[in-house]
Amino acid sequence: MNFTPMATTYEDEIPSSNDGGDQPPSLVQDDGADLNDIIRGMFLTEKHYTRSFNKNPKFRSFSSNEKDNLSSSPVSVIQTFCSLHEDCDLVEDNARYEVCKWIYKVVDHYSFDRETAAIAMSYFDRMLSSSSKAVEGENSNELIAVTSLYIAVKLYEHRSKRGILNDLVHMSRRRFAAQDIIAMEFTMLKALSWHVHPTIPQSFVQRFLELFPLSCRSISKGQIKKVFDMSSYILELCLFDSNLVNEKPSTIATAAIIFALEGVDSTKVSIQSQQSFMRDLISFEQTNLPSVSSRIFDFLSYHHGFKLMEIRASIDPNGIFYLKEI
């Protein structure tokens, strides 16, 4: 799709059900509520969004060439791909990868929250695994992708959204009219049973990391922020892996934290504190954690280990949490 934003008018905006300020509902702080109860509540919500995917012939894992094109950050992934494919079209071949790349590009252009991309991909994945006949139409992947982002922006973004509908029409090279997107919106809402507030892995990471000070009272907010940043980086990369769409967000989040904790300076946060935190973390229901961790490990390792040392160094240049040399 051509990426030429246009500032016009925003049409048919539905009221947002988010009353939590600048954050999605799943990320809002709940003062006075017990953290364990909040996390268990998130697990209950997660069950309503359980995604049971059939093997869709339009979806496949990354090819060798696509893997070689990935670089060391989600933003660079998008830039690298688009430098090779200037039109950035959504084509049926490897549709999900291109959808994910395109959504990140639009989110970054408008300076939307990058978690909006994960929410939009939740809509897209669940819609394509539904029994709706809408997924069988010509150019259906593209229209569902555009509409997924449209819904996510309307519900979760509090920045200016004026003109976004017309912008999306323009990006589709006008293969879709505004009314096509609006019609697909209601088709999707019905197919998804109006389940439009998924608990994404980033939501679980934030809540799980709130357990860390309970295990290590000396850990600072700044150090926890380093773990969150590293975990978020891993999660954004994992969103591109179609092999993880069947897995629970809570499990993916736990695995991301495990990898984010690699290379921690034990003089800053003791091994005992880290182990105590991990015991607290896995005390929650963690179905399929070993296989998910193995999949993410293989995925990260394939991409040159994603040069994790360099990434940690960029996240923590002053070494307040990670070792400078591993």
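Student: Which residues does Leu-189 touch, not counting residues up to four places away in sequence?
Tutor: First, a bit of housekeeping: residues are numbered from 1 along each chain as its sequence is written, and side-chain values use heavy atoms, with hydrogens and water left out. This is a predicted model, in which local features need pLDDT of at least 70 and side-chain atom pairs count only at pLDDT 80 or more, while totals for chains, interfaces and linings use all residues. A contact means heavy atoms within 4.5 Å. Going by that, and skipping residues up to four places away, Leu-189 touches Ile-151, Trp-194 and Val-196.

Student: Which helix does Leu-189 lie in?
Tutor: Helices here are DSSP runs of H or I with at least four residues, strands are runs of E with at least two, and both are numbered from the N terminus. On that numbering, Leu-189 lies in helix H8.

Student: Is Leu-189 buried or exposed?
Tutor: Buried means under 20% relative accessible area, exposed means over 50%, and partly exposed is in between (1.4 Å probe, protein chains only). Leu-189 has 3% relative accessibility, so it counts as buried.

Student: How far apart are the C-alpha atoms of Leu-189 and Met-127?
Tutor: Along the chain, Leu-189 and Met-127 are 62 residues apart.

Student: What is phi of Ser-111 near?
Tutor: Ser-111 is found in the loop between H4 and H5, and it is partly exposed, with a relative accessible area of 47%. Ser-111 is a residue other than glycine with a positive phi, near 60 degrees.

Student: Which residues have the most contacts inside the largest nonpolar core?
Tutor: A nonpolar core is a set of buried Ala, Val, Leu, Ile, Met, Phe, Trp, Tyr and Cys residues joined through side-chain atoms within 4.5 Å. The largest one here has 47 residues. Those with the most contacts inside it are Trp-102, Ile-103, Tyr-123, Ile-144, Leu-149, Leu-168 and Ile-181.

Student: Which helix gives the most to this core?
Tutor: Helices H4, H5, H6, H7 and H8 each supply at least two residues of the core. The biggest giver, with 11 residues, is H6.

Student: How many residues are in the second, separate core?
Tutor: Among the members of that second core are Val-269, Met-278, Phe-299 and Leu-308. Its total number of residues is 46.

Student: Which residues of helix H15 are buried, and why do they line one face of the helix?
Tutor: In H15, residues 308–315, the buried ones are Leu-308, Ile-311, Arg-312 and Ile-315. Look down the axis of H15 and they fall within an arc of 100 degrees (taken from the directions from the helix axis to the C-beta atoms), so they line one face. The helix they pack against is H11.

Student: Which side chain does the side chain of Asp-125 make a polar contact with?
Tutor: Asp-125 is in helix H5 and is buried, with a relative accessible area of 2%. A polar contact is a pair of N or O atoms within 3.5 Å; within protein, one must be able to donate a hydrogen and the other to accept it, and residues adjacent in sequence count only if both atoms are side-chain atoms. At 2.9 Å, the partner of Asp-125 is the side chain of Arg-96.

Student: Where in the protein chain is confidence lowest, and where is it highest?
Tutor: pLDDT is the predictor's confidence in each residue, from 0 to 100, and the chain averages 76. Where pLDDT is low, the predicted coordinates should not be read in detail. The lowest mean, 36, belongs to helix H3, and the highest, 95, to helix H9.

Student: How many contacts beyond four places in sequence does the model have for residues 52–93?
Tutor: Over this stretch, pLDDT stays under 50. Even so, the model's number of contacts there beyond four places in sequence is 91.
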